[in-house]
Amino acid sequence: MLSFQFNTTKSIINGPGRLNKISEICDQLNITKLLVVTDQGIVNCGLVEKLKEQLHSKFSTIVFDEVSADPKEQIVLSAVALAKQHNVDGVIGFGGGSSMDTAKVVAVMMDSQQSLEQLYGLERVQGGRVPLVLIPTTAGTGSEVTPIAVLTTGETTKDGIVSKQLLPDVALLDAQLTLGLPAHITAATGIDAMVHAIEAYTSKHKKNAYSDMLAKQALLLLSKNIEQATHHGEDIEARQNMLLGACLAGQAFANAPVAAVHALAYPLGGHFHVPHGLGNSLVLPHVMRFNQSDTAKLYSELAPYICEHINTSQSDQKVCSDLIIFIERLIERLKLPRTLKQLDIGEHHLEMLATDAMLQTRLLINNPKPLSHDDALLIYQAAYEEAL
């Protein structure tokens with residue numbers, strides 16, 4: 001048994017309607033002036049008002065609602081400026097991964113003399129942070145339990161801040177906040193969570209027994225509920241299971257990092273604004289096929305947690321092949337785009353995507369099989385072709 005260290009969020013509160021605990025949480029954290037970091041969509045659908053209704057009048061609440069997908073550095077700096085202007089002493093990240101990632105960095109920068117540029121990389125954050133609560137409204141990123149924040153640093157490039165200070169004090173999982181989520185977002189974020197679990201289980205570095213356990217349980221919850229949550233979004237039990245599954249997958253990959261699927265998805269977001277979960281979905285089967293020669297045993301171990309009908313008495317290679325086919329058919333049943341061509345990405349763009357993917361060294365080193373520029377190009381070409 002290899003030695004390992006496992007870190008995660010201090011407290012996780014799980015259950016429909018648990019948003020009603022937010023005032024109690026803020027009291028326990030000695031918060032009096034709150035900054036709520038969110039996006040305009042969350043405001044427009046009334047969820048921020050729902051949050052405010054649960055906060056006692058004694059809390060002074062400032063809302064920063066300018067977060068966008070793949071948040072740029074200037075958005076973070078604007079949120080920090082607003083927080084400092086109002087002397088806030090606590091931050092709530094309320095929304096998807098972009099809002100939670102932004103909230104993490106704001107909480108750190110409220111208690112630090114470092115510039116944003118000095119935070120990028122592994123464990124470069126000095127000092128602490130103000131109290132931080134993360135409340136996801138999608139079941140996908142697992143950001144509420146990861147020590148990672150990914151920001152857009154240029155026109156098409158992203159960089160990550162990885163530090164234990166980014167783990168919040170409390171993650172609150174309330175499926176009632178996800179009931180209005182459109183089907184295509186439910187599907188894409190659900191596949192994103194499944195990718196987190198799959199890549200954590202097969203990660204070349206830091207794979208450990210604890211993350212393995214969480215990855216399997218996450219995949220069991222996610223695979224059994226993703227179609228129901230997507231096509232019958234009013235099912236609160238399916239929604240809550242998806243939230244918990246995404247959280248468990250987040251805990252897994254926070255400690256056994258993700259790899260080539262994410263590395264190849266990032267350029268799709270950077271150049272073509274493909275949502276992160278959809279980007280993962282587009283390349284997942286093709287990366288798995290690339291990895292199969294080296295990773296069939298690990299993929300076959302995951303098969304019964306994803307599809308109970310796969311015959312696991314077959315060879316690892318056959319089980320792995322059947323699993324990849326099942327995942328492709330699942331993506332089709334979820335009515336997600338299956339090819340880059342469907343998103344109007346041209347074949348002439350693939351070389352550029354492969355070049356950019358190779359810059360994601362932080363992720364590629366975790367892939368169970370070494371991946372070259374030519375390999376990346378072949379994967380993009382497979383993802384480009386029309387689905388059979």
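Mentor: Before we start on this predicted model, keep one cut-off in mind: a residue is called buried under 20% relative accessible area, exposed over 50%, and partly exposed in between.

Trainee: Which residues form a nonpolar patch with Y210 on the surface?

Mentor: The patch is made by F4 and M213 along with Y210, and together these residues have about 310 Å² of accessible area.

Trainee: And how many aromatic pairs does the structure hold?

Mentor: There is one aromatic pair in the structure. The pair is made by the rings of F6 and Y210, whose centres are 4.4 Å apart, and because their planes stand at 45°, the pair counts as tilted. F6 belongs to the segment before β1 (11-14) while Y210 belongs to helix α7, so the pair ties together parts that lie 204 residues apart in sequence.

Trainee: What about charges over rings, like where does the charged end of K207 sit?

Mentor: The charged end of K207 sits over the ring of Y201, at 3.6 Å from the ring centre. An arrangement of this kind is also found for K369, whose charged end sits over the ring of F290, 4.3 Å from its centre.

Trainee: Switching to helices, how far apart are the end C-alpha atoms of α9?

Mentor: They are 19 Å apart, and this agrees with the 18 Å that the 13 residues of α9 (residues 260-272) should span at 1.5 Å a residue.

Trainee: Why is α9 described as largely enclosed by the rest of the structure?

Mentor: The reason is that eleven of its 13 residues are buried. Among the buried residues of α9 are H262, Y266 and P267. Just after α9 comes H273, which takes a positive phi of about 55°.

Trainee: Last topic, how many salt bridges does the structure hold?

Mentor: It holds 14 salt bridges, and one of them joins the side chains of K318 and D322, with 2.8 Å from N to O. Being four residues apart in helix α11, K318 and D322 are separated by about one helical turn.

Trainee: Why would residues four places apart in an α-helix point the same way?

Mentor: An α-helix has 3.6 residues a turn, so residues three or four places apart point the same way.

Trainee: Which side chain does E24 meet in a salt bridge?

Mentor: E24 meets K21, with 3.0 Å from N to O. E24 is partly exposed, with a relative accessible area of 38%, and K21 is partly exposed at 21%. Another salt bridge joins E332 and R338, at 3.5 Å from N to O. Beyond these, K10, R129 and D169 are linked in a network of salt bridges.

Terms used. Residues are numbered from 1 along each chain as its sequence is written. This is a predicted model: local features need pLDDT of at least 70, side-chain atom pairs count only at pLDDT 80 or more; totals for chains, interfaces and linings use all residues. Side-chain values use heavy atoms; hydrogens and water are left out. Patches are made of residues with over 30% relative accessible area and no salt bridge: like charges are joined within 9 Å, nonpolar side chains (Val, Leu, Ile, Met, Phe, Trp, Tyr) within 5 Å. Accessible areas come from the Shrake-Rupley method with a 1.4 Å probe; for residues, only the protein chains shown count as cover. A salt bridge is a side-chain nitrogen of Lys or Arg within 4 Å of a carboxyl oxygen of Asp or Glu. Rings of Phe, Tyr and Trp (its six-membered ring) pair if their centres lie within 6.5 Å; planes under 30 degrees apart count as stacked, over 60 as edge-to-face and the rest as tilted. Helices (H or I, at least four residues) and strands (E, at least two) are DSSP runs, numbered from the N terminus. A charge sits over a ring if NZ of Lys or CZ of Arg is within 6 Å of the ring centre and within 35 degrees of the ring normal. The expected span of a helix is 1.5 Å times one less than its number of residues. Buried means under 20% relative accessible area, exposed over 50%, partly exposed in between (1.4 Å probe, protein chains only).
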